[in-house]
Amino acid sequence: MGSRTLHPVTTAEAYLELLADRGIDVFLGNAGTDFASLVEAFARAEAEGGRAPRPLVIPHEFVAVSMAHGYYAAGGRPAAVMVHVNVGTGNASTAIITAARANVPILMSAGRTPVTEEGLPGSRDLHIHWAQESFDQAAMLREYVKWDYELRTPTQIEAVVDRALEVMQAEPRGPVYLTLPREVLAASPGEVTISSPARRQVRSERFPDPARIDEAAQILARAEYPIVLVSAAGIDPRAVEGLVTLAEAGGIGVVEADPIYLNFPHRHDLHLGYNASGTTNPSLAEADAVMVVEADVPWYPHLKKPAAGAPIIHLGVDPFFTRYPMRSYPCDVPIAATPAVALPLLAEAVRRHADPKAVARRRERLTAEHRARHAAWEKLALEQASASTIGFAWAARCLGEILDDSTVVVNEYPLDRRFAAFTRPGSYFGSPHSSGLGFGLGAALGVKLARPESTVIATVGDGAYFFGEPLSCLFVQRAHRVPILTVIFNNQQWEAVKSGTLAVHPAGAARTRGRFPLTELTPSPRFEEMARTVDGYGERVEHPGELPAALKRGLAAVREGRPAILNVLCQRAV
Ligand SMILES: Cc1ncc(C[n+]2csc(CCOP(=O)(O)OP(=O)(O)O)c2C)c(N)n1
Ligand SMILES: [Mg+2]
């Protein structure tokens with residue numbers, strides 16, 4: 001077994017070497033005085049060719065964590081984030097909630113105010129060092145991280161880093177939180193011998209219980225109208241392939257239930273739509289067998305449910321979503337397994353149990369449904385082409401038209417997948433269901449960082465744009481050379497809040513008076529002018545016919561390396 005001996009001047013240096021040794025290649029930092037020895041260690045690594053992750057300065061913590069999220073989702077490699085003590089942790093917390101609910105591993109860390117008031121290298125030397133102390137700094141994030149710990153002594157550095165990386169990457173994955181006190185970072189650990197490569201491998205696929213696979217296969221094979229509801233399996237491209245194999249083996253329709261990845265190709269004949277409970281998905285109530293695949297919210301019981309007699313199968317690494325306080329979906333057959341592993345096995349079992357004639361009959365019926373639904377969506381989008389203002393369906397369709405093999409879309413809210421045909425695994429990233437607004441911009445930068453060869457488009461509502469710390473994101477695009485095209489679907493309001501009001505009070509005063517206090521975002525800023533602050537490209541688009549060419553101009557700018565913003569003035573649906 002290999003080992004390496006490090007000769008760090010400080011613990012901070014040993015920490016960075018360890019991160020690099022363990023494959024952490026980016027360090028997204030939002031620094032304060034707690035970073036003293038890390039800044040010094042990065043400078044020494046730069047000067048002396050030492051090993052360290054690439055340091056990127058990120059002007060807002062929320063953006064840093066969102067970037068780490070996108071970086072992992074698009075590239076499969078976790079990043080390290082470090083923020084300034086308790087105050088930086090506060091700013092990062094929304095993005096940590098998002099990563100937790102999406103099972104995205106992030107090595108989240110923060111400094112700790114110096115413990116000692118005098119006497120040690122790094123002891124308190126500013127007013128903030130008293131006021132920034134917390135009794136329990138990790139308490140702020142404890143509900144949303146899988147593990148938290150404080151590095152108390154340099155001796156523990158390897159064990160602590162390895163424990164953090166191990167826990168965050170064990171299934172179900174998620175962020176961890178490590179606090180690093182200033183004196184410990186500044187201390188001289190002497191010679192440090194570490195095992196290298198690390199002997200803490202975690203990758204181990206979860207195989208399903210064969211009896212449950214057989215049970216599920218019999219249910220799916222015998223049903224007349226079986227459907228799959230899937231939200232998040234597509235983070236693993238193998239799962240997309242597995243789902244196609246299963247659907248074809250059994251003549252099973254697939255609905256992407258509020259998808260946060262591309263789970264199933266849009267144009268596949270067995271794709272039945274995008275929303276489990278809404279009017280856009282009549283399948284749910286008709287289905288006589290339902291399989292839920294990595295979907296925390298497969299349907300909304302308050303609005304629509306599967307038929308009472310339909311057996312329900314749940315497949316996922318944690319099909320019970322054990323970190324959710326309350327969730328009561330019926331589950332007749334649980335399959336706790338990695339979808340990419342379980343789906344081909346299930347397809348095989350379905351093939352064994354199914355009558356090929358029945359499969360062909362189901363496929364025919366589903367294909368007809370698929371075509372009818374797609375034709376209706378196409379009609380709706382095209383009707384908006386000649387409207388006087390830009391509708392969301394038309395905007396989504398125009399965007400769909402410019403997608404090519406190198407384009408990746410990160411969507412926060414407005415892009416309706418019915419109108420934009422995504423087909424490639426890894427080409428679409430949506431906002432996780434905890435919906436801490438602002439995720440999209442930072443996540444898109446993380447995607448670009450992970451896949452520099454891709455053209456990345458962030459689609460956001462005007463509301464989401466405000467939340468995303470847009471100036472920080474523009475800074476990052478230019479400073480770290482990760483330009484993206486941002487398309488703002490600007491309806492000058494928080495339409496979701498209006499719709500929510502109408503859903504609860506369909507005949508209330510807000511509706512009858514046509515007044516929705518706390519939802520208006522007027523007068524709307526000239527968002528496109530933000531691009532000028534970083535020598536980027538900005539354009540305002542108001543008419544449906546102008547949108548295709550404007551998107552092309554935006555793409556051309558971003559492919560030249562300039563951040564681009566399209567402020568698309570959209571029609572209000574409510
Ligand atoms: C941090 C945070 N604050 C508030 C909300 C509540 N919220 C959900 S959707 C929404 C409006 C989003 O506005 P926009 O992006 O313009 O999309 P639209 O609703 O107009 O389509 C708000 C405020 C949230 N999800 N997250
Ligand atoms: Mg809006």
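**Exercise 1. A histidine in a loop**

Is His266 buried or exposed?

*Solution.* Please keep in mind throughout that this is a predicted model.

Step 1: Find the residue. His266 belongs to the loop between S10 and S11.

Step 2: Compare its accessibility with the cut-off. Buried means under 20% relative accessible area. His266 has 3% relative accessibility, so His266 counts as buried.

Step 3: See what surrounds the residue. Leaving out residues up to four places away in sequence, His266 touches several other histidines, among them His271, His370 and His374. Its contacts also include Tyr274, Trp377, Arg417 and Phe422.

Step 4: The charged end of Arg417 sits over the ring of Tyr428, 4.4 Å from its centre.

**Exercise 2. The strands around S10**

Step 1: Start with S9 (residues 226-230). S9 and S10 run in the parallel sense, paired over four bridges. One place to look is Gly253 in S10, the bridge partner of Ile227.

Step 2: Turn to S11 (residues 271-273). Here the pairing with S10 is again parallel, over two bridges. In S11, Gly273 is the bridge partner of Val255.

**Exercise 3. The nonpolar cores**

Which residues touch the most other members of the largest nonpolar core?

*Solution.* 

Step 1: In soluble globular proteins, nonpolar side chains tend to be buried together.

Step 2: Name the residues. The largest nonpolar core has 57 residues, and Leu28, Val81 and Met108 touch the most other members. Helix H3 (residues 61-75) gives the largest share of this core, with ten residues.

Step 3: Zoom in on Val81. Apart from its neighbours within four places in sequence, its contacts include Leu28, Ala64, Val65, Ala68 and Met108.

Step 4: Look for a separate group. A second core of 51 residues has Ile219, Val230, Ala247 and Val293 among its members.

**Exercise 4. A covered helix**

How many of the ten residues of helix H13 (residues 392-401) are buried?

*Solution.* 

Step 1: Count. Eight of the ten are buried, so H13 is mostly covered under the cut-off of 20% relative accessible area. Among the buried residues are Trp394, Arg397, Cys398 and Leu399.

Step 2: Ask what covers them. The buried residues of H13 pack against helices H12 (356-383) and H19 (547-559), and against strands S15 (407-412), S17 (455-461) and S18 (485-490).

**Exercise 5. Backbone details**

Locate two cis peptide bonds and two residues other than glycine with positive phi.

*Solution.* 

Step 1: Take the cis bonds. The bond from Ser196 to Pro197 is cis, with omega near 0 degrees, and Pro197 lies in the loop between strand S8 (192-195) and helix H8 (210-222). The bond from Thr522 to Pro523 is also cis, with omega near -5 degrees, and Pro523 is in the loop between helix H18 (509-513) and strand S19 (537-541).

Step 2: Take the phi angles. Val85 has phi near 35 degrees and is in helix H4 (residues 85-101). Asn103 has phi near 55 degrees and is in the loop between H4 and strand S5 (107-112).

Step 3: Contrast their surroundings. Val85 is buried, with a relative accessible area of 1%, whereas Asn103 is partly exposed at 27% relative accessibility.

Key
Residues numbered from 1 in each chain as written. Chains lettered and ligands numbered in written order. Predicted model: local features only at pLDDT ≥ 70, side-chain atom pairs only at ≥ 80, totals over all residues. Heavy atoms only, no water. Pairing = 2+ DSSP bridges. Lys NZ or Arg CZ within 6 Å of the ring centre and 35° of its normal. Core = buried A, V, L, I, M, F, W, Y, C linked by side-chain atoms within 4.5 Å. Buried < 20%, exposed > 50% of the residue type's maximum accessible area, 1.4 Å probe, protein only. Contact = heavy atoms within 4.5 Å.
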